[in-house]
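Trainee: I have a protein model open, and I would like to learn how to read it. Can we go feature by feature?

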Amino acid sequence: MKELVKLSVRNLVEFIMRGGDIDNRFASFDKDAMLAGTKAHRRIQKSMKGGYRAEVPLKFEIEFEEYTLCIEGRADGIITEESVIMEGDTIVNRTEVCIDEIKGVHRELEYLTEPVVVHKAQAMVYAYIYATQNDIPSIGVQMTYCNLETEDVKRFKEQYGIDELREWFNNLITEYKKWADFQTEEKVKRNASIKKVEFPFEYRPGQRDLAVSVYKVISQKRNLFIQAPTGVGKTISTVFPAVKAIGEERGEKIFYLTAKTITRTVAEEAFNILREKQGLYFRTVTLTAKEKVCLCDKMDCNPVNCECAKGHYDRVNDAVYDILTHESVINRELVISYAKKHNVCPFEFSLDITNWVDGIICDYNYVFDPNVKLKRYFSEGMQGEYIFLVDEAHNLVERAREMYSASLYKEDFLRISKIIDWRSRKITKYLESCNKNLLELKRECADDYAIIPNTGTFGINLMRLAVEFDYFLEENKEFEGRKEVLEFYLNIKFFLTIQELVDENYRIYSEIGDDGRFMIKLFCVQVADNLKKCLEKGISTVFFSATLLPIIYYKEMLSGNREDYAIYAPSPFDTNKRLLAIAQDVSSKYTRRGQEEYLRIYKYILTVAKARAGNYIAFFPSYSMMQEVYDIATEHTGDMAEDAASDNDNSTDINFVIQNNSMTEEEREEFLGLFDEKRDDSMVAFCVLGGSFSEGIDLKNDRLVGTIIVGTGLPMICNERKILSRYYDELCGNGFEYAYRYPGFNKVMQAAGRVIRTDEDEGVIMLLDYRFMDREYRFLFPREWDDYKKTVISDSRKLLSDFWDDRKNDKKD
């Protein structure tokens, strides 16, 4: 049986017929409009007469030796008009057929003097298919453009003979054939290699069950939540079965989604292990943020300021074919190298590569973020057999809230009004109207914040402002302050995009910030519905993390379906190599904060660090508390530190270092480099819980032998936490848990997970807060924490000494 290669009409013409520049100076969002104009399509279709058929599915198959190319799509409309004419003395019934292609646009239609090439090409493909299948010698092609704001309509119509269409279509297919040949040949090689692939290691306890569960849910097109402690091998245990499913054609593409760069590296390593150990033939690309791959000193994507942007679309297909035929592991460095070779934008180049690879390793935002998501896969009407592997899935809750929320500041309207000034009276007028609306809301914001039922008149004026900006920016390519205006314009467009999503999962609120600025925000409280719309574009999603507890909470937050499968993988590590202790005589509660409590915390840190020489991290709930204890530790507060030190006569010296609250990437690497130094004494790094050093760092072996975690990790009280708490109290009675306890304890587990990373590791986890002994917290403990020990400061020295003595004795044995 021959391979079937499926291709949408739109993807065919956009890929082959695109050309020209990347140009960020054009403000019109016509690409987005094509995807967002469904309502306009329906309105136009309903307004047409009886001879109009809407949304007509069309399919055309072309037989080649090795495969069948199936081109399919849905024509917006097919118009059939019957007429009677006289030919000489004979009355003749004539049928005229016309393909109608509808496109929603934001730009003013008077500037549109001819159809956009790729739009017209899409209609011409439909015309050829329909004319060929219905034996029509001549057919009309009509482009219908609708302005989404004004609802004005403009049409362009041409008539084509079947021979002319056939020649044009055959040329189009000839250009595409080398890509279809490549795709087919690569798939055969890939599937043959996957058949031979086996799990590359001896299974650890629970690992085989994990891999089997992933394979089963993909086969059943279901979702799976995996709670798997560090050391289980989550990445290879999810990648391996997903690859096997691809080889059996149970899916077409793997999206490996991460929150941090380091986990993207781990994903790359997992695929490479299968390549090197098992001979896997599987192409992957790792997507990197635009600003990190840009070849210019200043990122400004237009043909005036960037050589790569000029003519990018004329050269990019050759660049893609070049890299695909020479590389199978496409990372950031290779993308940049080939982009330089072909003089194309590295970022846009990498996005085009995704069409032809088997696996995409990328940040969450490429799938979920309304601004950034890959519209070729996740826009309206798109569907595929995609497998989503969501790493460190606990991070997705807050990240999704950021992605699906939008805010605007009153002061920005005044600032932009001064820049626009005389250039556009209409824009100035709408800016003033929006500012007036916000001023009224500000007067009503008497407390910390105010819940607003809807955006009301402000939302309407904002839409009018956006329309005027579309026209203004189209006409004014260069003026002083344009960059600021464009940034503001993009912010209001995003606000309007999110406004379309606002439903019962949102709260609209306003607040006056500490800096006096007034903000209105569309706050996405419950993100599951928005995430689900993206994930339903694929067939199966696997959420996994070492800290996905309580798992029912994450089901509600991420998929909204309590019936999704879940699996708990046991820890493979020997718990005898780890001491978990809970201090019962200390707390980070606000009511107990003060010098006496800070001194007690310092004593614990000192006791832990003196029990055995090595590297430690002390995690604090805030920068201010961290600084207070650090001042004591470095003897900035005089005799208190000496009093604490006198209680510990161990001779181990201790060096203290502290995290800066605005570290650059280079400073962060230098900070981590301190853990690589060989030492006979102890180092304690003071860090913030939930910050860049509490997760995503891998300090194996003796690089880290203990963590001291101060407090339960509860997020700081702020307006959004209050809104979350109230929302979930009303929804399910779990406001405090969902807004504070669960997110806070997740940070604690992440920090604790820095200590034991391999079978050889050993170390101490000291939890400094009596609240960890409360039933509500013990309910959240992972199973491997069942062996926790209780302590107070007077007993902690012996507890630690006994643990390290046992470790020495075990090594001797």
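Trainee: Which residues in helix 5 meet which residues in helix 7?

Mentor: Keep in mind that this is a predicted model. Start with a general idea. An α-helix has 3.6 residues a turn, so residues three or four places apart point the same way. Now the case here. From helix 5, Arg190, Asn191, Ile194 and Lys195 take part. From helix 7, their counterparts are Val243, Lys244, Ile246 and Gly247. By class, this contact has three nonpolar, two polar and three charged residues.

Trainee: At what angle do the axes of helix 5 and helix 7 cross?

Mentor: Helix 5 covers residues 162-195, and helix 7 covers residues 234-247. Their axes cross at roughly 125° and come within 9 Å. That angle makes helix 5 oblique to helix 7. The crossing is left-handed.

Trainee: Ser237 lies in helix 7 too. Is Ser237 buried or exposed?

Mentor: Look at the relative accessible area. Ser237 has 0%, so it is buried. Now find what surrounds this residue. Leaving aside neighbours within four places in sequence, Ser237 is in contact with Phe199, Gln207, Leu210, Ala211, Val214 and Val232.

Trainee: Let us turn to strands. Which way do the side chains of strand 17 point?

Mentor: In strand 17, Ser540, Val542 and Phe544 point one way. Thr541, Phe543 and Ser545 point the other way. Six of the six residues of strand 17 are buried, so the strand is largely enclosed by the rest of the structure.

Trainee: In what order do the seven strands of the open sheet run?

Mentor: The order is 21-22-20-23-24-19-25, and the pairing is parallel. Strand 21 (654-658) and strand 25 (789-791) are the edges, each pairing on one side only. Neighbouring strands are turned by 20° against each other on average, direction ignored. Helix 27 (residues 735-752) packs on this sheet. It touches strand 20, strand 23 and strand 24, and its direction makes about 165° with that of strand 23.

Trainee: How many bridges join strand 19 to strand 24?

Mentor: Six bridges join them, and the two strands run parallel. For one of the pairs, find Arg578: its partner in strand 24 is Gly763. Then find helix 29 (residues 793-812). This helix lies across strand 19, strand 20, strand 24 and strand 25, and it runs at about 160° to strand 24.

Trainee: Loops are my last topic. Where does Thr652 lie?

Mentor: Thr652 lies in the loop between helix 24 (639-646) and strand 21. Its relative accessible area is 14%, so Thr652 is buried. Thr652 and Leu606 are 46 residues apart in sequence and 9.9 Å apart in space, C-alpha to C-alpha. Leaving aside neighbours within four places in sequence, the contacts of Thr652 are Ala609, Lys610, Ala613, Asp681 and Ser682.

Key. Residues are numbered from 1 along each chain as its sequence is written. This is a predicted model: local features need pLDDT of at least 70, side-chain atom pairs count only at pLDDT 80 or more; totals for chains, interfaces and linings use all residues. Side-chain values use heavy atoms; hydrogens and water are left out. Two strands pair if DSSP finds at least two bridges between them. Helices (H or I, at least four residues) and strands (E, at least two) are DSSP runs, numbered from the N terminus. Axes are lines fitted to C-alpha atoms, for helices over the stretch in contact, and angles run from 0 to 180 degrees between N-to-C directions. Contact means heavy atoms within 4.5 Å. Angles under 35 degrees count as roughly parallel, over 145 as roughly antiparallel, 65 to 115 as roughly perpendicular and the rest as oblique. A crossing is left-handed if the near helix is turned anticlockwise from the far one by less than a right angle, and right-handed if clockwise. Ala, Val, Leu, Ile, Met, Phe, Trp, Tyr, Cys and Pro count as nonpolar, Asp, Glu, Lys and Arg as charged, and the others, Gly among them, as polar. Buried means under 20% relative accessible area, exposed over 50%, partly exposed in between (1.4 Å probe, protein chains only).
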